[in-house]
Each structure stands twice: as C-alpha cells, then as structure tokens.
Amino acid sequence: MPRRSKATGLPPAVKAWLDQALVESNFSGYELLSAELEKRGCSVSKSALHRYGSAFEASIARLKVATEQARADAE
C-alpha cells in the first residue's frame, strides 16, 4: 500500500487554506505553496503538493461534470 500524502494529513484549517490556494492559483505555483506551508509549520514538498493538487483538480472536474449533468436532467 502506498504512503499516505502529507497534504491529506494536514490540520483541517491548513488543508482548507491549501485547497483554496490551489484553486486560486489555478493549480500552479507549488514551490510557493510549499514555502508558505513551511512558514505555517507544515513540511510538504512541491512534488507531494503537485500529486495532491492533480488529484484534487480531477475530483473538482468530476464534481463539476456531475453537477452539470444533474442540472441538465432537472431541466
């Protein structure tokens, strides 16, 4: 079984900030995000953030498609 991502194990407030920052930065700037997390006392590499960000972006895309399909069905 693969290791669990450090990003998923962040405290809830920090993870909420990270999720919002990823969306606002259009899923880029992982070095800056890693540095900001370090300032907040959480050590997560830019590579780990990229893996987490890619999965998070994909889940948002799936949710968006499902929402659009539900709207189309409702109409």
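Buried, in this tour, means under 20% relative accessible area, exposed means over 50%, and partly exposed lies in between, with a 1.4 Å probe and protein chains only. The model is predicted, so local features need pLDDT of at least 70 and side-chain atom pairs count only at pLDDT 80 or more, while totals for chains, interfaces and linings use all residues. Residues are numbered from 1 along each chain as its sequence is written, and side-chain values use heavy atoms, with hydrogens and water left out.

Select Asn26 to begin, in the loop between helix H1 (12-24) and helix H2 (30-39), where helices are DSSP runs of H or I with at least four residues, numbered from the N terminus. Asn26 has a positive phi of about 55° although it is not a glycine, and it is exposed, with a relative accessible area of 60%.

Now show the aromatic rings, of which two pairs are found in the whole structure, a pair being rings of Phe, Tyr or Trp (its six-membered ring) with centres within 6.5 Å, stacked if the planes are under 30 degrees apart, edge-to-face if over 60 and tilted otherwise. The rings of Phe27 and Phe56 have centres 6.0 Å apart and planes at 55°, so this pair is tilted, and it links the loop to helix H3 (residues 46-74) across 29 residues.

Terms used:
Helix = DSSP H or I, 4+ residues; strand = E, 2+ residues; numbered from the N terminus.
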